[in-house]
Amino acid sequence: MPLNSNSKLLQNTNPIEHRGGDGWTILHGDMLNIIQRFEPGVFDAVITDPPYASGGSRPNERNRTTNQKYSSMDKENALPDFDGDQKDQRSWTNWMVQWLSDVRRVCKEGAPICLFIDWRQLPSMTDALQWAGWIWRGVAVWDKLTSRPQKGRFRQQSEFIVWGSNSTMPVNRPVGCLPGVFRYTNPQNRIHVTEKPLQLMREIVKICEPGGRILDPFAGAGTTVLAARLEGYEAVGIEVTDAYFKLGSDRVQFELENAEAPKP
Ligand SMILES: C[S@@+](CC[C@H](N)C(=O)[O-])C[C@H]1O[C@@H](n2cnc3c(N)ncnc32)[C@H](O)[C@@H]1O
């Protein structure tokens, strides 16, 4: 979906750097600024994986780089670090409320929202979602199947998908029954430090009504955008980190060019 001056999505015509193709776009910049530019009510769902600002129990642990916190790759093979993950607990929660409120304005009534998070930030995320005016509807589980064993402790083997809707969500939407637990290992050969499995995202996007327009304001490697397109949705991503704007949009373009035609 190349965005141009005639686009019905954006409120004014000042250009935003972006890349895209048929039915998809990734915009480059801070989502807080870019969201202000969208017309109200233009998205049918938000499916996203924000920076968790997690990775430790104490402030000095949380202030480490994203590679130090979330990756075990050695320095030579390390992937680029990403922005926005060093907030302290209260700043992160406040920021979450701010962007979740802004994003609600650009969603239709009844639009679903899905937010990835880990166990540490789960309570703050469910608060933030509700403070921003969304209805919180539940938590689905992403079982990663493997994780580091910890003597005398439970494995931290799951992440969570907090989900809800923008006001009421009619049960007669043309969407089938979705699972509450998803079992997928982390992707092999990933290009983003915290990339989500493509097959997982292909299942999650199905919370949106068929053919709807999905927003991922923290696009990273473009996994949600790619999954959405492969399942026949329109998709708009936003990504602030220069390296991931390029890597993610290159990846989506390449994968879509080499994929079978998206579902209509
Ligand atoms: C957890 S990662 C998303 C990974 C993605 N789900 C994937 O599969 O690759 C979060 C992404 O949000 C981006 N980000 C952080 N703050 C942002 C902001 N204010 N606006 C836009 N993107 C932001 C980061 O650069 C990072 O790539």
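In what follows, Ala, Val, Leu, Ile, Met, Phe, Trp, Tyr, Cys and Pro count as nonpolar, Asp, Glu, Lys and Arg as charged, and the others, Gly among them, as polar. With that in hand, welcome to a short tour of this predicted model.

**Around the ligand**

- The shell around the ligand is made up of nine nonpolar, six polar and six charged residues.
- There are 21 residues around the ligand, and those that come nearest are Asp49, Ala221, Thr223, Glu239 and Thr241.
- Asp49 has a side-chain N or O atom 2.8 Å from a nitrogen atom of the ligand.
- Thr223 also reaches the ligand with its side chain, where an N or O atom sits 2.7 Å from a ligand oxygen.
- For His192, the distance between a polar side-chain atom and an oxygen atom of the ligand is 2.8 Å.
- On its own the ligand has 610 Å² of accessible area, and the protein covers 97% of this.

**Where H4 meets H5**

- Helix H4 spans residues 89-105 and helix H5 spans residues 122-131; the two pack with their axes 8 Å apart, at an angle of about 35 degrees.
- Their crossing is right-handed.
- H4 brings Gln89, Trp92, Thr93, Met96, Val97 and Leu100 to the contact, while H5 brings Ser124, Met125, Ala128, Leu129 and Trp131.
- By class, the residues of this contact comprise eight nonpolar and three polar, with no charged ones.

**A look at Arg213**

- You will find Arg213 in strand S8, which covers residues 213-216.
- The Arg213 side chain makes a polar contact of 2.8 Å with the side chain of Glu234.
- A polar atom of the Arg213 side chain also lies 2.8 Å from the backbone oxygen of Val42.
- Arg213 and Ala228 are 15 residues apart along the chain, and 8.7 Å separates their C-alpha atoms.

Definitions and conventions
Residues are numbered from 1 along each chain as its sequence is written. This is a predicted model: local features need pLDDT of at least 70, side-chain atom pairs count only at pLDDT 80 or more; totals for chains, interfaces and linings use all residues. Side-chain values use heavy atoms; hydrogens and water are left out. Axes are lines fitted to C-alpha atoms, for helices over the stretch in contact, and angles run from 0 to 180 degrees between N-to-C directions. Helices (H or I, at least four residues) and strands (E, at least two) are DSSP runs, numbered from the N terminus. A crossing is left-handed if the near helix is turned anticlockwise from the far one by less than a right angle, and right-handed if clockwise. Contact means heavy atoms within 4.5 Å. A residue is near a molecule or strand if one of its heavy atoms lies within 4 Å of it. A polar contact is a pair of N or O atoms within 3.5 Å; within protein, one must be able to donate a hydrogen and the other to accept it, and residues adjacent in sequence count only if both atoms are side-chain atoms. Accessible areas come from the Shrake-Rupley method with a 1.4 Å probe; for residues, only the protein chains shown count as cover.
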